[in-house]
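Please keep the sequence and the structure in view while reading the points below.

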Amino acid sequence: VLELGCGNGEFVKFLIQHGYDAVGIDGDKKATERANSPKVYFGELTALDDLFCNRTFDLIVARGVLSKNTQFAYLFYDELNLKERNMWYDEEQTEERLEQVRRSIHLILENAFRHLKPGGFFITLDDVASVDTTYFSEETARDIGYIVELHGTQRAILQKPK
């Protein structure tokens, strides 16, 4: 199991305690340092090859990673002087920034697809079905190659074809 956006690795730790071979990756260096675990890595979710090379997973999980708001706060945290990574400012949604968010979400989905075993699942628990579906939609997932098993307001289950 690979958890994208694992923070300090609590879910990774839970999975390991229950017998799973699990690792996590997060773009927040402080969070991964707090994990103090060789199973939690600091790195970009858009560049999984850098850490995992050709490694593949049966399951990839992303919780709170693929929403427009999460990506916006992550990408522009320093630039906008946000007090918290989950803060959101409507007035800062320039078209250029929104396009960067779209690209980031697409790259995360593509990277996850490459690292899934055939028949493997990608599960996200997120706000993935907002009114504006240009960020994460069934069509986006299908274009990458996923089979969309479920696409709901707060979750999606995608499968890589066998």
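From the N terminus on, the elements of the protein chain follow the order β-α-β-α-β-α-β-α-α-β-α-β-β. Together they come to six helices and seven strands. The model is predicted. Of the 162 residues in the chain, 42% are buried.

**Strand 7 and its partners**

- Strand 7 (residues 155–159) pairs with strand 5 (residues 116–125) in the antiparallel sense, over five bridges.
- Within this part of the sheet, F122 has L158 in strand 7 as its bridge partner.
- Strand 6 and strand 7 also run antiparallel, and four bridges join them.

- The largest nonpolar core has 29 residues, of which L2, L4, L109, F122 and Y146 touch the most other members.
- At least two residues of this core come from each of strand 1, strand 2 (23–26), strand 4, helix 5, strand 5, helix 6 (138–144) and strand 7.
- Helix 5 gives the most to this core, namely seven residues.
- A second, separate core has eight residues, among them C6, A22, A35 and V61.
- Leaving aside residues up to four places away in sequence, L2 touches V23, G24, I25, L48, F52, F57, L59, I60 and V61.

**Aromatic pairs**

- The structure holds five aromatic pairs.
- One of them is the stacked pair of F11 and F14, with 6.2 Å from centre to centre and 15° between the planes.
- F11 and F14 are three residues apart in helix 1 (residues 10–17), so about one helical turn separates them.
- F11 is partly exposed because its relative accessibility is 24%. F14 also counts as partly exposed, with a relative accessible area of 40%.
- F52 and F57 form an edge-to-face pair, with 5.6 Å from centre to centre and 90° between the planes.
- F52 is buried, with a relative accessible area of 5%. F57 is likewise buried, at 2% relative accessibility.
- Ring pairs link F52 and F57 with Y41 into a cluster.

**Charged groups over rings**

- The charged end of R63 sits over the ring of F11, at 4.8 Å from the ring centre.
- K160 lies over the face of F113, and the distance to the ring centre is 4.7 Å.

**Contacts across the sequence**

- Among the contacts in the chain with a separation of 6 or more, 61% are between residues 24 or more positions apart.
- N69 has its place in helix 4 (residues 68–76). With a relative accessible area of 35%, N69 is partly exposed.
- N69 and V101 are 32 residues apart along the chain, and 8.9 Å separates their C-alpha atoms.

Note on methods. Residues are numbered from 1 along each chain as its sequence is written. This is a predicted model: local features need pLDDT of at least 70, side-chain atom pairs count only at pLDDT 80 or more; totals for chains, interfaces and linings use all residues. Side-chain values use heavy atoms; hydrogens and water are left out. Rings of Phe, Tyr and Trp (its six-membered ring) pair if their centres lie within 6.5 Å; planes under 30 degrees apart count as stacked, over 60 as edge-to-face and the rest as tilted. Buried means under 20% relative accessible area, exposed over 50%, partly exposed in between (1.4 Å probe, protein chains only). A charge sits over a ring if NZ of Lys or CZ of Arg is within 6 Å of the ring centre and within 35 degrees of the ring normal. Two strands pair if DSSP finds at least two bridges between them. A nonpolar core is a set of buried Ala, Val, Leu, Ile, Met, Phe, Trp, Tyr and Cys residues joined through side-chain atoms within 4.5 Å. Contact means heavy atoms within 4.5 Å.
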